[in-house]
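Here's a quick tour of a two-part question: who pairs with whom, and what packs inside? Have a look at the model first.

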Amino acid sequence: MDPLPSDAFDPRVLAQLRSDLGLDDRETADMVRQYLAEAPGLEARLVAAAAEDNAPAARRAAHTLKSASAQFGALHLAALCREVEALAQGGHLPEARLRLPAVHAALAEAEAALRPLAGEVG
Amino acid sequence: MRFLLVDDSATSRLALATALRNATQGRAEVREAADAKGAEAAFAEAKPDVVLLDMVLDETQGGGGLELLRTLLAAHPGARVILVTSLPPGHPDIVKALAQGAFAHLTKPIRTDAVRRVLQELDVEAGRVGHIR
C-alpha cells in the first residue's frame, strides 16, 4: 500500500519528482538512497555552523537541506530549514539554534518514511 | 556532449545528471564538482560543452556560484553556463548572473522537459555541439 500524505512525508511530491525526471523504480530508489545518505551530513553541517556562529555556512547548509528535502516530499523538514535559512541570512543565529531540535526530529521522521522506498528497513 | 555539474548537494547532482541523460537519450557525458575549486579543475580537464551551475556553493572552497561564473567566463569566454537554482525567476542574483553572461537558468526542482528545452536552445540536443564552445 502506498504511504499516505503526512507532515513528515508527502508521497505525491515524490511521485511528481518521478514524473518530472522520468525516473523508473530503480532510479527512484537510487535517488531516495542518495538523499538518505546525504541529509544527515547536511544536518551535521548546519548544527556545527550554528554552534560556531558561522551564519553563512549555516544558511548554505539549511538551504541545501531544504532544497533536497522539498523535492522528496519531506515538507515539514523543508519548512523548518527554510525558517533556519532565513534566520541565518538575517544574522539571527540564536533563534536559528532554537529550531535545530525540531529539524533533527523532522529529519528522523522523514528518514523513517523514506527508507522503505529506498529498499531499506527502518 | 560533455556536461559539468556544479552543486554542493550530491542529491541535486544525481537529479540533474538523471535529467540530462533522459533529455539526451543517454548521450550526455557528465562530470561533477561540489565546489568552485573542483569545478575549475574539472573544467580544465574535461573541457565541457555546458556547465550547469548551482548558485549556492561553499564560499570557502573557491567562491560562490556568481564568483565561479565570473571566473569561468573570464578564463573561457565562450563557455556556456546554465544556472540551476531554487531562487525564484527574476531574483536579483539571477538577473545579475544573466547579465554577467550566463546563458539561461533552470529552476529547482529540476524537470527533464525544462532541461530538454534549454538544451534545444543551445543546439546541444540536435548534435551540433561543435558549434558551442
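B:Arg111 pairs up with A:Asp20 in a salt bridge, the closest N and O atoms sitting 2.9 Å apart (for a salt bridge, a side-chain nitrogen of Lys or Arg must be within 4 Å of a carboxyl oxygen of Asp or Glu). This one crosses between chains: B:Arg111 is in the loop between strand 5 (104-107) and helix 5 (112-122) of chain B, while A:Asp20 is in helix 1 (residues 11-21) of chain A. Helices (H or I, at least four residues) and strands (E, at least two) are DSSP runs, numbered from the N terminus. B:Arg111 is partly exposed at 35% relative accessibility, whereas A:Asp20 is buried at 10%. Buried here means under 20% relative accessible area, exposed over 50%, and partly exposed in between (1.4 Å probe, protein chains only).

This is a predicted model, with local features needing pLDDT of at least 70 and side-chain atom pairs pLDDT 80 or more, while totals for chains, interfaces and linings use all residues. Residues are numbered from 1 along each chain as its sequence is written, chains are lettered from A and ligands numbered from 1 in the order written, and side-chain values use heavy atoms, leaving out hydrogens and water.

## Other salt bridges

Over all chains, the search turns up 16 salt bridges. One of them joins B:Asp54 and B:Lys108 at 3.6 Å, N to O. B:Asp54 lies in strand 3 (residues 50-54) of chain B and B:Lys108 in the loop between strand 5 and helix 5 of chain B, so the pair ties together parts 54 residues apart in sequence. Both B:Asp54 and B:Lys108 are buried. Shared partners also link A:Asp20, B:Arg111 and B:Asp113 into one network of salt bridges.

Over in chain A, A:Asp25 bridges to A:Arg18 at 2.9 Å between the closest N and O atoms. A:Asp25 is exposed, at 57% relative accessible area, and A:Arg18 is partly exposed, at 29%.

## The nonpolar cores

The largest nonpolar core has 61 residues, and those with the most contacts inside it include A:Tyr35, B:Phe3 and B:Val115. Such a core is a set of buried Ala, Val, Leu, Ile, Met, Phe, Trp, Tyr and Cys residues joined through side-chain atoms within 4.5 Å. A second, separate core has 23 residues, among them B:Val6 and B:Phe43.

## Helix 3 of chain A

Helix 3 of chain A is mostly covered, with 15 of its 17 residues buried. Just after this helix, A:Gly73 takes a positive phi of about 90°.
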